[in-house]
Amino acid sequence: MLELKNKQFIIDGKPFIILSGEIHYYRLPVEEWEDRINKLIEAGCNTVSTYVPWLCHEEAEGIIDLEGKTRPELNLVRFIDLCKEKGLYFFLRPGPFIMAEMKNEGIPYWVMEKYPDTIPTTWDGKVVTTKTLDYLNPNFLRTTERWYEAIMKIVSPRLYTNGGNIIAIQLDNEIGMLSWVSNSPDLTPTVLTDFHAWLKDTYHDELYTRYPFNIDNLEEFRQKVISPEESYAAKLMKDLGYYNRYRFKKYVNILKGYAEKYGAKGVPFVVNIHGTSGGRGKTFPIGISQLFEAYAQPDYIPGSDIYFGDLEVSNFHDLYLINSFMDACSNGEQPLASVEFNCGDGNFGDDLGSRYDPSASDFKARMCIAQGNRFINYYLFSGGYNYRFDVLGRDGNDRIAITGERHGFAAPVNPEGEISYTYPRMKYCNTVLNENSIKLASMYEEYDNLAFGFIPDYFMTESFYPQSDVMKQIVNNLTANRAGLAWDIISKMLLLMNYRFTSINLQNHDIDYNKTKVLVLPSARYMSADIQSKLVDYLYKGGNLLICGELPQYDMENNPCTILADNLGVTIIDTLYDKPHYNLSAYPVGIATDFKEVRTYFAQIFEGNNITPIYRVYGNDNICAFETNVKNGKVIVYACNLHANFALMRLTLERLGAKARLQHTNKYHGIFMTTTKNALGERFLHLFNLDGFTKEINIREDNQLLFEGHTLTLNSKDAVMLPLNVNYNGLFIHYATAEVVKVTDNSIEFRPVQKDSVIKLETDKEILPSKDFTIRKQGNIYYLTTTNCPCCQARVVVEYR
């Protein structure tokens, strides 16, 4: 039995961590399948994942080969069965779209050739530039249903619930991504007819005054949507965004219906979320915004695409934020997953254009697990080859994908089956996760008393009419404020100061004052009246608010709306910007007096009688940051840029009532740490040294020294998971400055973080002497001090009887 409950993935009643690796069977000779599967098992994975390319399996309409009759490597049935024989679970990703560098994103040529109406048009009636199709086009859905019928007939008997090994099925892939990256929303006649009906169902009679044209004239409606005018541009941008959320949800549910109709029942369905770009995560929430209504349903799992490369001080907070935002938009029962978890060396172009540190996948996997991911799919685990189509002469090389003959050159296992330098570290990380999976699978991150505010509509910027200045102004302002001060300065400093925080979807959820004493809010010039009112209510009840960016002046439809500013007792005067030969700067006053002037690219300026200034604009003394009280709550607003001033940020948060429970002593920061805990009170401290140099630290929790004051040494680019009050087979580990690597019935293997690592454990069993550690015993409590040097990657085995 497979269940999604309490943010856990449960198999036969037991919480489980899925560690999967992506192997594209169709890109490998059949005789090499077993070798790649064995390497996956050796790397510590318990699950195999693969796309299933419709493009390959039905190259000619009506001839669907899933058993290798036309080409041996297309024997999906044999591949799934071989994985089961090897004791592996299976994660199936049958499209219809799969991307994976495939031609047509995995859709057969004949679909577009036979049904040209599936190819979308967009703004001004132009044909889209990407290989997307209209998801709800009847011809596309009809052919997709036939594809799902064929797939599910061979999948159904192989589902875990039917005695097989398939434990999850992904529906399509990166839905909405192609339209977003090209700013080409689907505006076909089919879509516009559906959009028209959605508008009527949503607004009823109000619709007739919402738009300045005859809404009942469908032809006029279509023209006014594909080439909108400024008078209603903001309303249209919002309505299209909301409609597409509904549309994507509808499409996902149609695919789920097809899967279940043909026998795929009793397994969770995965919705894959796209959005990282350029090694950063700032655009990822665009995918969350597009798809959260689709995935926040029973029986679904949200799965991220994570392409960050090395995790370091410049970007580590991106991963923390996107995991937190995904969770904020879930239904409360769903576990998190990363179903396209970038691993390997980053050499995607086979040109040595990028080269990752071995720590890259290790750090990312550990952070995801600490934040509640129960499912990680290493993508791409193994490379392979792109064979030629049977039909030639269509596209220059006639291969199934755009990368040439070879594919997956950056993978830990390359197309020729050779392992890369990234494989051993990934294997070690998986070893640690597997050995502790019984504990980790039911643990949750512990938080401090603050949260990050997430507004999905701030990322609803995937499409805007290129000729609309109104739409551009909204998009530009949202983009600047959602990814500026709050994202790249505040959130990073919070984590480096060891604050652990959750996120709240402010559009769909209330703010519980009892759980969230401080809310950190990225704020733009635009914010709905509902959210502004919600924030005011939170302040009235005694909540405290840190606002970063601009106070809103308009709602999301560009109508004047200053509910929040009015209740703060301020008037917004103007917004100033840095420009050539004008070095906009802000100088500190009030609580910030002891700090220095800062250069800032913007400054929103205010007047107010009951506000205490924190920064003023140099040259005119206008207030651009202030503190004030609102009923029972306190607000601090930074409407200018800040430097990464830890002292100022600590002062700010403590004035609002937030104090980090975890603290360390190293002055160079660059350390990420958090804790997880299960219902038994067992905990892990997750520690990352994000920098390329060694650090020594002492750690306090609630002002009490952890590890009885022992100093920890964190090596360059190292991460460890240290047990606190964890029971292994009757050995109760009070603490250890060493990582648990292997557990057997009569031993525990540790990796020390330093030569004198200490393991404090309690047991009535006898600990056997070893040359690798000294023993000091007090009753049933043992203090073991290691003597091996961690630089030799030595392990310490503690045996007992």
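Predicted model: local features only at pLDDT ≥ 70, side-chain atom pairs only at ≥ 80, totals over all residues.
Strand 10 spans residues 336–342 and is mostly covered. Of its 7 residues, 7 are buried. Strand 10 pairs in the parallel sense with strand 9 (residues 300–306) over 4 bridges. Here aspartate 305 stands opposite glutamate 340 of strand 10. Strand 11 (residues 373–382) is joined to strand 10 by 5 bridges, in the parallel sense. Phenylalanine 341 faces tyrosine 378 of strand 11 in this pairing.

An open sheet is built from 3 strands in the order 35-36-40, with antiparallel pairing. Strand 35 (738–743) and strand 40 (796–799) each have a single partner strand, so one side of each lacks a neighbour in the sheet. From one strand to the next, the twist averages 30°. Strand 35 and strand 36 (residues 747–752) run antiparallel and are joined by 5 bridges. Valine 743 has isoleucine 748 of strand 36 as its bridge partner. Helix 14 (residues 423–435) lies across strand 35 and strand 36. The helix runs at about 75° to strand 35.

Threonine 118 sits in the loop between helix 4 (109–114) and helix 5 (138–155). Its relative accessibility is 0%, so threonine 118 counts as buried. Beyond its neighbours within four places in sequence, threonine 118 contacts Val111, Met112, Leu133, Asp134, Asn137, Asn139 and Phe140.

Key: Residues numbered from 1 in each chain as written. Heavy atoms only, no water. Pairing = 2+ DSSP bridges. Helix = DSSP H or I, 4+ residues; strand = E, 2+ residues; numbered from the N terminus. Axes fitted to C-alpha atoms, helices over the stretch in contact; angles between N-to-C directions. Contact = heavy atoms within 4.5 Å. Buried < 20%, exposed > 50% of the residue type's maximum accessible area, 1.4 Å probe, protein only.
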